[in-house]
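Hello,

Here is the structure I promised to pass on. My notes follow below it.

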Amino acid sequence: MATADQIKMLVQSHFDSNDDRFRTLVLQIAASEAKKGHQTFARDLRGILDKYNTKSNKIIPFNKELDGLMRTELSDAKLTDLVVNKEIKSRIEKVLLEYWQKDKLNKYGLTNRRKILLTGKPGTGKTLTASVLAGRTKLPLCTIVMDKLVTKYMGETSVKLRQIFDFISHNPAIYLFDEFDTIGSERSLDNDVGEIRRILNSFLQFIEQDESDSIIVAATNNPQLLDKALFRRFDDVIHYNLPDRDQVIKLISNKLGSFNHGLLSLEKVADEALTLSHSDITMACNNAVKEAILKGLDYIDEDLIMRMIIERKEVYLRGGS
Ligand SMILES: Nc1ncnc2c1ncn2[C@@H]1O[C@H](COP(=O)(O)OP(=O)(O)O)[C@@H](O)[C@H]1O
Ligand SMILES: [Mg+2]
């Protein structure tokens, strides 16, 4: 059964006309019922939500103490949205597979892999992976913004971390510690070593002790800055790379969709785009589609997409890196 607090908050959110909060609460009740083995009830509850799916995907986090530190949202991202190599795909599938069959694993004293570290260049799909995990498990996605955690609450970061992990243990969700290196990397810096070390160590301890039903994802663009000791706290470490040729082609044809009338040689475009990240290529495609729409065209030719790709590349040239 839902706890007294949950029922009170449900009633409150009804009278506040706060749909998002209401939906989050129902999802949390469903998740905790599922945990107790009441799968049918949990499924029915989620089914009702699906039936009355509102347009808004954003949910206001209702833990006031964590406000500003954690964003909560629902995701309907699919695995097919993610263009990655076979190895990454199969690792993500394994996380999902073990999550869905965790009860079976638990019977043998085993736990599903649920503490995952994602590393790799910016714009290669780490954040998107957390969305996919949320979309596929139908759990809410809660993103903890690490730089806020560290800079904004320097003195009380450990307290905040405790609150976050307490929240994690009571609210099954996908928890994304994004830009996680802001904590990890500082460990070796000379300034304020004591404080940073304390924060990082308590973070590691919390990760280690966590036995919740949540999936914890830490993402970093700078794995080389991380203390190697961190790696073994995770059930899996997945490395993301810039897209190879096949991925570039797949990404472009996915993103252009019905605007691709076969007027362009994807091979040639891919050659031009090869040094860019998934995110840059996505942007170039979106820019091309936008330009076509504004010009009243329903197709994209080679000249247009090439221009947009070169434009993305120039962003970096001008940035001097
Ligand atoms: N591997 C990928 N496959 C498909 N789209 C991607 C991929 N990586 C990035 N994108 C696109 O770029 C956007 C930003 O990527 P993101 O996941 O935030 O990158 P990261 O977290 O690795 O910096 C995504 O929302 C998506 O549109
Ligand atoms: Mg990211």
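Leaving aside residues up to four places away in sequence, Asp-178 touches Thr-127, Thr-143, Ile-144, Met-146 and Ala-219 (contact means heavy atoms within 4.5 Å). Please note that this is a predicted model, where local features need pLDDT of at least 70 and side-chain atom pairs count only at pLDDT 80 or more, while totals for chains, interfaces and linings use all residues. Residues are numbered from 1 along each chain as its sequence is written, chains are lettered from A and ligands numbered from 1 in the order in which they are written, and side-chain values use heavy atoms, with hydrogens and water left out.

Asp-178 lies in strand S5 (residues 174–178); strands (E, at least two residues) and helices (H or I, at least four) are DSSP runs numbered from the N terminus. Asp-178 counts as buried because its relative accessibility is 13% (buried means under 20% relative accessible area, exposed over 50%, partly exposed in between, with a 1.4 Å probe and protein chains only).

Now to the rings. Those of Phe, Tyr and Trp (its six-membered ring) pair if their centres lie within 6.5 Å; planes under 30 degrees apart count as stacked, over 60 as edge-to-face and the rest as tilted. By this rule there are five aromatic pairs. Phe-165 and Phe-206 are stacked, at 5.1 Å centre to centre and 10 degrees between the planes. This pair links helix H8 (residues 157–170), which holds Phe-165, to helix H10 (residues 193–209), which holds Phe-206, 41 residues apart. Both Phe-165 and Phe-206 are buried.

Best wishes
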